[in-house]
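Subject: Structure handover

Hello,

My notes follow below it.

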Amino acid sequence: MSARSLSSDGPHGHRAIAHSIRQVVEETLWPTRCAVCDRPGDLLCEDCRRALRFVDALRACPLCGAPHGAVQCTECNPVMLAGSHRDVFPFDAMASAVTLDDGARRLVLAYKDGGEHRLAPLIGELMAPYVPPHWLRERPTVTFIPSTRTARLRRGFDHGELTSRTVAASLGLPHASLFAMPHSTDQRKLSRHDRAANMGAALSLGIAGPLPSACLVVDDVCTTGATLYGAADALAQAGVTRRYALTFARA
Ligand SMILES: [Zn+2]
Ligand SMILES: [Zn+2]
């Protein structure tokens, strides 16, 4: 028997036992409930999981991931891009797992603002299959849009970091924190236009030195795309040649 297993930190040591007891007590006092319908049992019950509006990858735009844009996309065509002062789409491709509806919104809120960090692996595992095989050829480094310092303090964790780690682990890809924490302007207090301007401007890379040649940016919800586009621009300026984005939901 090794010295390690005799210590109180070992798998059957005092800490592990205390942890299990705490879990049992917590589960008794505050049983796990579905983040969407509040039914006791699982974090996401089978009915609510089935009710999510999963994107049909065959019908989605292969460039921007719009759920019905496979043949003709109304969201990444030249007119739409010109509206956001762009000639080309800033990512090589983007994809999402679900269309943002009430259920998906509740799930994201429970995760981000309800402090339910146990949802990270669940959400990450719903997202990972939406990475098409050809994105994996260059083994992109998975990264995330960091929360502001204020949001991180309020939540006690960075939800983007947790989800992106799960996505990286389930695809066997490297993970890195590449972006600097944005300034703490609360995005929710800004108008849609100001939010886009603020976020695009606020994102910058937080690391010095060479970057991976391919990156996959993970985020929870794509609303206007501005945040993600800002991330793509920062990566492009730093010489990242392959840029992909994956979000859980798409508005
Ligand atoms: Zn449910
Ligand atoms: Zn498109």
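Start with one helix pair: helix H6 (residues 119-127) and helix H8 (residues 159-171) pack at an angle of about 50°, and their axes are 8 Å apart. Helices are DSSP runs of H or I with at least four residues, strands are runs of E with at least two, and both are numbered from the N terminus. Axes are lines fitted to C-alpha atoms, for helices over the stretch in contact, and angles run from 0 to 180 degrees between N-to-C directions. H6 and H8 are therefore oblique to each other (under 35 degrees is roughly parallel, over 145 roughly antiparallel, 65 to 115 roughly perpendicular, the rest oblique).

A caution on provenance: this is a predicted model, where local features need pLDDT of at least 70, side-chain atom pairs count only at pLDDT 80 or more, and totals for chains, interfaces and linings use all residues. Residues are numbered from 1 along each chain as its sequence is written, while chains are lettered from A and ligands numbered from 1 in the order in which they are written.

Which residues of H6 meet H8? They are Ala-120, Pro-121, Ile-123, Gly-124, Glu-125 and Met-127. On the H8 side the partners are Leu-162, Thr-163, Thr-166, Val-167 and Ser-170. Contact means C-beta atoms, placed from the backbone, within 7 Å.

Leu-119 also lies in H6. Leu-119 counts as buried because it has 22 C-beta neighbours inside 10 Å. The cut-offs: buried is 20 or more other C-beta atoms within 10 Å, exposed is 12 or fewer, and partly exposed is in between. Beyond neighbours within four places in sequence, Leu-119 touches Ala-35, Leu-43, Leu-107, Ala-110 and Tyr-111. His-159 is 40 residues from Leu-119 in sequence, and their C-alpha atoms are 9.4 Å apart.

Next, helix H10. Its twelve residues (226-237) should span 16 Å at 1.5 Å a residue, and the end C-alpha atoms are 16 Å apart, so the two agree. The expected span is 1.5 Å times one less than the number of residues. H10 is mostly covered, with nine of its twelve residues buried. Among them are Tyr-229, Gly-230 and Leu-235. After H10 comes Gly-239, with a positive phi near 90°.

Finally, the whole chain. It has ten helices and four strands. Of its 251 residues, 35% are buried. Among contacts with a separation of 6 or more, 72% join residues 24 or more positions apart.

Best wishes

Definitions and conventions
Contact = placed C-beta atoms within 7 Å.
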